[in-house]
Amino acid sequence: MPNKKEALMVQAVFALAKGCGTAEIADDAADWFYGEYFPWIDKVKQNGKTPHDVWDQHGKEFLEKFREIGHRAAQGGTVQKEALTRAARAVETESECPFCPIKP
């Protein structure tokens with residue numbers, strides 16, 4: 001049985017894959033996504049909260065961003081690490097979300 005953090009990561013991966021549509025996700029891209037967002041779930045932000053703390057209130061918004069990342073990354077066919085990284089950074093930069101990984 002997965003713990004809550006693992007269950008949230010499953011939701012994030014599912015949302016990413018949904019955004020990717022039928023595009024395959026390269027292994028290095030999947031590894032990067034996990035390495036980037038699994039620690040993020042419990043990372044305390046400037047407001048003193050983690051994404052895990054506020055998932056009940058903001059989870060749908062987070063999942064929409066993961067879908068958007070997947071959609072953007074899949075534009076070139078198979079989702080490669082570089083395309084996924086670029087898509088994630090673009091969505092994070094454009095977002096007003098204080099929980100984005102690139103924001104302190």
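I started with Phe33 and listed its contacts beyond four places in sequence: Met9, Ala12, Val13, Leu16, Phe38, Phe66 and Leu84. I kept in mind that this is a predicted model.

Next I looked up the largest nonpolar core, which has 30 residues. Phe33 is among the members that touch the most others, along with Tyr37, Trp40, Phe62, Phe66, Ile69 and Leu84. I then checked which elements give two or more residues to this core, and found α1 (4-20), α2, α3 (51-73) and α4 (81-94). The biggest share comes from α3, with seven residues.

Then I turned to how α1 and α2 pack. Their axes lie 10 Å apart, at an angle of about 135 degrees. Angles over 145 would count as roughly antiparallel and 65 to 115 as roughly perpendicular, so α1 is oblique to α2. I noted the crossing as right-handed. On the α1 side, the contact is made by Lys5, Glu6, Met9, Ala12, Val13 and Leu16. On the α2 side, I wrote down Phe33, Tyr34, Tyr37, Phe38 and Pro39.

My last stop was Glu36, also in helix α2 (residues 27-40). Which residues does Glu36 touch, not counting those up to four places away in sequence? I found Arg89, Glu92 and Pro101. With Arg89 there is a polar contact between the two side chains, at 2.9 Å.

Definitions and conventions. Residues numbered from 1 in each chain as written. Predicted model: local features only at pLDDT ≥ 70, side-chain atom pairs only at ≥ 80, totals over all residues. Heavy atoms only, no water. Helix = DSSP H or I, 4+ residues; strand = E, 2+ residues; numbered from the N terminus. Polar contact = N/O pair within 3.5 Å; in protein donor to acceptor, adjacent residues only side chain to side chain. Contact = heavy atoms within 4.5 Å. Core = buried A, V, L, I, M, F, W, Y, C linked by side-chain atoms within 4.5 Å. Buried < 20%, exposed > 50% of the residue type's maximum accessible area, 1.4 Å probe, protein only. Axes fitted to C-alpha atoms, helices over the stretch in contact; angles between N-to-C directions. Parallel < 35°, antiparallel > 145°, perpendicular 65-115°, else oblique. Left-handed = near helix turned anticlockwise from the far one by under 90°.
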